[in-house]
Amino acid sequence: MCISIEHLFSANQSHCIMATDSMEIDDALYSRQRYVLGDTAMQKMAQSHVFLSGVGGLGVEIAKNIILAGVKALTVHDTKQCTKWDLGINFFIHEDDIISQRNRAEATLHRIAELNPYVHVAASTVPLDESTDLSFLKQYQCVILTEVSLSLQKKINDFCHAQQPPIKFISADVYGICSRLFCDFGDEFEVLDTTGEEPKEIFISNITQSNPGIVTCLENHPHRLETGQFLTFREVNGMSCLNGSTHQITVVSPYSFSIGNTSDMEPYLHGGIAVQVKTPKMFYFERLEKQLTNPMCLVADFIKPEAPLQIHIAMLALNHFEENFGRMPNIGCHQDAEEMLKIAISISETLENKPQVNGDVVKWLSRTAQGFLAPLAAAVGGVASQEVLKAVTGKFSPLQQWLYIDMLDIVTPLEKMGSEEFLPRGDRYDALRACIGESLCQKLHDLNVFLVGCGAIGCEMLKNFALLGVGTGQDKGLVTITDPDLIEKSNLNRQFLFRPHHIQKPKSYTAAEATLNINPCLKIDSYINKVCPATESTYSDEFYTRQDVIVTALDNVEARRYIDSRCVANLRPLIDSGTMGTKGHTEVVVPHLTESYNSHRDPPEEEIPFCTLKSFPAAIEHTIQWARDKFESLFSHKPSLFNKFWQTYPSAEEVLQRIKSGESLEGCFHVIKTLSRRPRNWTQCVELARVKFEKYFSHKALQLLHSFPLDTRLKDGSLFWQSPKRPPFPVKFDFNDPLHYDFIVSAAKLFATVYCVPFTEQDLSEETILKIISSVKVPEFRPSNKVVQTDETARKPDHIPVSSEDERNAIFQLEKSIQSNEALQNDLQMKPISFEKDDDSNGHIDFITAASNLRAKMYNIEPADRFKTKRIAGKIIPAIATATAAVSGLVALELIKVVGGYPVDAYKNCFLNLAIPIMVFTETAKVRRTEIRNGISFTIWDRWTIYGKEDFTLLDFINAVREKYGIEPTMVVQGVKMLYVPVMPGHIKRLKLTMQKLVKPSADKKYVDLTVSFAPETDGDEDLPGPPVRYYFVQEDN
């Protein structure tokens, strides 16, 4: 019987979980990734077929990431059987797969398929070799090869490159402590969006009439453009022929650029916005055969720019060694290393630039080549997966054409170890042992590690811990994890330890259970606490002291800063990381060697000025924030204040009596106003929504134009209404306008919810809404003389004073409510709403989208769709599994160095952006030493200690510091509390008080951390800061 090769390679299609063929994007699952890739790329991806050969440690990483991303179909191919070795490199192979002697592709098939029900996953186990007819590959848009011989890689690459259109080709390998990635997307590959960044919008302050015309942007707003980019113009007054035209720019300064000849144009008057235009870019690729002799490499570590070429030669020598001898070099074998070095030298001669061979790189690659570093596979696998997504979508700039990531920083101490350290012992850690030796393996097993956060990076970290055997020691070792969150559907797109049946279960407990499936020997304690000052009784100094290293997997700066401060106080190493879309960072903090996370501060996020939000929006972000604030005020803040007030004053009659007698009850005016206007049925909810429409989108505009007519001029004679200020125009209500209708319905539903008014499907019908709207009496606009805030530095007032007329009005309204029986117990309660962005049925984003876009219409601002509005209003951080995997792999590589006690030069921080792509390794910042005077100095890691006793006074403390450390403190501070500042009134008297009385420690507190500072050398200078001083209340027993 004759079976075609195509049939053989798709023989196991019946095994796969069949995906839905719908092209609609499941936002509940993909929302965070949609913000990275956009819908066009997502839809292209959902139509693409991908072939992956080799389901080892690297292959399974790539498979995981591209299945989570959502390609249409993936075929995984492998001819090898599962072995004990695989347990330490492939997180989806289990003990029973080895006992059953399963093929690796078949063993992992169901486990990778359940990562995403929308992806068809099939397994193939037939041989792929030099004699294979490659025509079966024509059904795929992208082919990825791992663990394939170089000669076969060249043959398959030639086939893929020759197709029309070319099949995108990627090959990737991890050998010991080195990895490589190669891409070839054909002679020409067009990319529509090279960076994925939002097009920049620049507000213009001036354009010269000259050749070339110079465009200047508003002061303090740098344009951040690059020469060669294209811009289009709109809303330019005066030089109006620019509007709608596109120009290529040349950067002149951070605040100006030139656009070509403007000398014949009308003079510029005011206003105008320049918007960046994304232009397609063509990328050109060479075949593997040609690139082998003249490689184009991405340099990741600028301290050693020669490294990629050195590893390139070493890896080619390894491939030749394997083809010559039919095996890999033996672990730790010097003879094989020498043989490989000879091959490397002869290969170097065939390369175009005849580069120097680095003997150490060749030797260490030879010694460890049989081994496998799982975290290195996670790092290169994350990058490779993003390249697959680029290949099938044309989104982002592809890698040209090689990337080498290595772990050569670790080899120096390994030199001293005997070769037996690296030899296999028949357990799951043999691949790791071949790279780092038994002693370092044992240190990893005995490690106590605290992982904060079990989200996307947290899940990836736990997988890395399981493969490295962290916390599996017989007597020592423990992984402690904590995360207060429950699993949401949107998490499943990145947090690969979770499945649909885990939704609404705690992340930490679920992640712990899933990690034990990868490595049952792991000891893991899971908690659901936040790590913050409120939980310091759980995460105490004693707790931190028990940890060997802390790893953070957090999504906010505040939590990072707090944990960093706890690590510094307790002298614990910290490894931090984070991602935002395709960008990621890692940072290593090591006691006494490096600076800490808090040593540098990112500039704070720019806040939108209050007056911009309230009256002068210039961009859609301003109207979205306004709508988000309105939501919070109407449906959360006011209802909460209302409830709090009536919990304090239980009856309306009592409140009436008290305000009549002249008492001032905080917040009573607003509460009574809310009570008197309370809607009591669905009709009144719709009426209230209609009145709000008129107030927000008509009266507001009329009032502003009353306060500042269109021809208003400033003192310098310039127009008040000019860029970035945009004059508003009232929006006339139109029931047939979907935007107007959406606002009424979404607002009415939310009012009904907060005021506990039931409504039916019939109530929501267009017919019912129209009937109610038609009979609403909309209040006429009456201009007021209220002062409109125009100062950009002014902040929102804390509370607006209540006039005596308002107070009289409140008494009248409350009397009326009581007489009408509308101030009963039920009337004194509301149901505040907590904003929830991910539940599309709750109407929260519907209200914000409608309100924001109506305000945008009023100010002639380009509106935003619901999708963009949700991202901005919900402060959603775009995220994708590729970057998460890469970052967590890099963290785990640094963890190995921390555990090995490496010197400061070995550690690397990393910044990456997989979209461009760049990956930049930098040395960690060495710790700074601060001089006080007279040779006395300290670093952030130094801590002075003073032991006291029960009657120890503040003066005794100051004297003790002077005697022990040779310098007298002039100021003593505890956190934010000033214990002793001589210039403060009454502080001199404190010198006689006992430390117990001043500090007021809790019963279980043995010590307190204080900050001291010292008198400056010369009067008038600032005090000199000192290190923290840990004061023990009683002498500790030695």
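Phenylalanine 957 and tyrosine 1031 are both buried, where buried means under 20% relative accessible area, exposed over 50% and partly exposed in between, using a 1.4 Å probe on protein chains only. Tyrosine 1031 has a relative accessible area of 1%. Phenylalanine 952 also counts as buried, at 10%.

This is a predicted model, in which local features need pLDDT of at least 70, side-chain atom pairs count only at pLDDT 80 or more, and totals for chains, interfaces and linings use all residues. Residues are numbered from 1 along each chain as its sequence is written, and side-chain values use heavy atoms, leaving out hydrogens and water.

**Aromatic pairs**

Rings of Phe, Tyr and Trp (its six-membered ring) pair if their centres lie within 6.5 Å; planes under 30 degrees apart count as stacked, over 60 as edge-to-face and the rest as tilted. The count by this rule is 51 aromatic pairs. Two of them involve tyrosine 1031.

| Pair | Type | Centre to centre | Angle between planes |
|---|---|---|---|
| Phenylalanine 952 and tyrosine 1031 | stacked | 5.7 Å | 25° |
| Phenylalanine 957 and tyrosine 1031 | edge-to-face | 5.8 Å | 90° |

Phenylalanine 952 lies in the loop between strand 28 (944-947) and helix 31 (954-965), and tyrosine 1031 in strand 32 (residues 1024-1032), so their pair ties together parts 79 residues apart in sequence. Phenylalanine 957 lies in helix 31, so its pair with tyrosine 1031 in strand 32 links parts 74 residues apart in sequence. Helices (H or I, at least four residues) and strands (E, at least two) are DSSP runs, numbered from the N terminus.

One aromatic cluster includes Trp626, Phe693, Phe697 and Phe835. The charged end of arginine 628 sits over the ring of phenylalanine 835, 4.0 Å from its centre. The criterion is NZ of Lys or CZ of Arg within 6 Å of the ring centre and within 35 degrees of the ring normal. Lysine 725 does likewise over phenylalanine 720, at 5.2 Å from the ring centre.

**Helix 24**

Helix 24 (residues 682-707) has 26 residues. Its first and last C-alpha are 36 Å apart, close to the expected 38 Å, which is 1.5 Å times one less than the number of residues. The helix bends by about 35° at histidine 699, the angle between axes fitted to the seven residues ending there and the seven starting there.

**Strand 18**

Strand 18 (residues 448-452) is mostly covered, with four of its five residues buried. Five bridges join strand 18 to strand 19 (residues 478-482), and the two run parallel. Strands pair if DSSP finds at least two bridges between them. Valine 452 has threonine 482 in strand 19 as its bridge partner.
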